[in-house]
Amino acid sequence: MHTIASPKTSLSLPAGPSLPDRSRRARVEPMSVLALGGGLYEVETDDETTYLVDLEAGRCTCPDHAFRDARCKHVRRVAIEITEGRTPPPGQVAVPCFDCGEPAFIDETRAPTEEPAYCPGHRLRPGDRVRDRETDDELVVVGQSRRPAETVRIDAADTTVAGYPTNRRYSPTVPVVGAIYPHATIDATGPTPESLRVYVFPRTRLEKLRNPLGESNVS
């Protein structure tokens, strides 16, 4: 599994009373943290030295912990990054988001081939605007399914979503998403049924678009 580390950087100090030395250094010294799974984390310091942290046991391979039995800056840095959402908690790892490459946290037992991972900014929910990568059309998400594209049939085309000609370059194992075109056709009796038809796509065919002010454009 291709896991990724948090960016190597220093973190801002919180307002209020000054921190103990190890807590202050855990924040101000540039470090990156890589979740390895099993509650283990690799911490790389500014000089590219790496240490292994067992967070649940509170242990680290650095001299400060080995010789002083201290809760060192590396253990503290891992805990800080988890609290601030920069690093996944035990039981999860960080992998690249399919759409943008930013970290997406997934269960460490999940096989990376099951389905692509998405960061919070690219996860879909009903009302989100998306772009069809094949046509550049904009649609609005109305629902998602855990069922893979190879198991969902399109009766009108007598094939599965994965087998549909324009979907064949997308993985057949990714889940499907239902979406509609955003501008319904209105006649004297209201929206016409055809304009409200739900189309089903492999998730990887759709790219999430940023909604204005973070709001849905569905009215």
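Start by selecting glutamate 84 and arginine 27: they form a salt bridge (a side-chain nitrogen of Lys or Arg within 4 Å of a carboxyl oxygen of Asp or Glu), with the closest N and O atoms 2.7 Å apart. Glutamate 84 sits in the loop between α3 and β5 (92-96) and arginine 27 in helix α1, so the pair ties together parts 57 residues apart in sequence. Helices (H or I, at least four residues) and strands (E, at least two) are DSSP runs, numbered from the N terminus. Arginine 27 counts as buried at 10% relative accessibility, while glutamate 84 is partly exposed at 41%; buried means under 20% relative accessible area, exposed over 50%, partly exposed in between (1.4 Å probe, protein chains only).

Keep in mind that this is a predicted model, where local features need pLDDT of at least 70, side-chain atom pairs count only at pLDDT 80 or more, and totals for chains, interfaces and linings use all residues. Residues are numbered from 1 along each chain as its sequence is written, and side-chain values use heavy atoms, with hydrogens and water left out.

Next, pick lysine 73, in helix α3 (residues 73-83). Lysine 73 is buried at 14% relative accessibility, and its C-alpha is 6.2 Å from that of serine 23, 50 residues away along the chain.

Last stop: aspartate 99 and arginine 133, another salt bridge, with the closest N and O atoms 2.4 Å apart.
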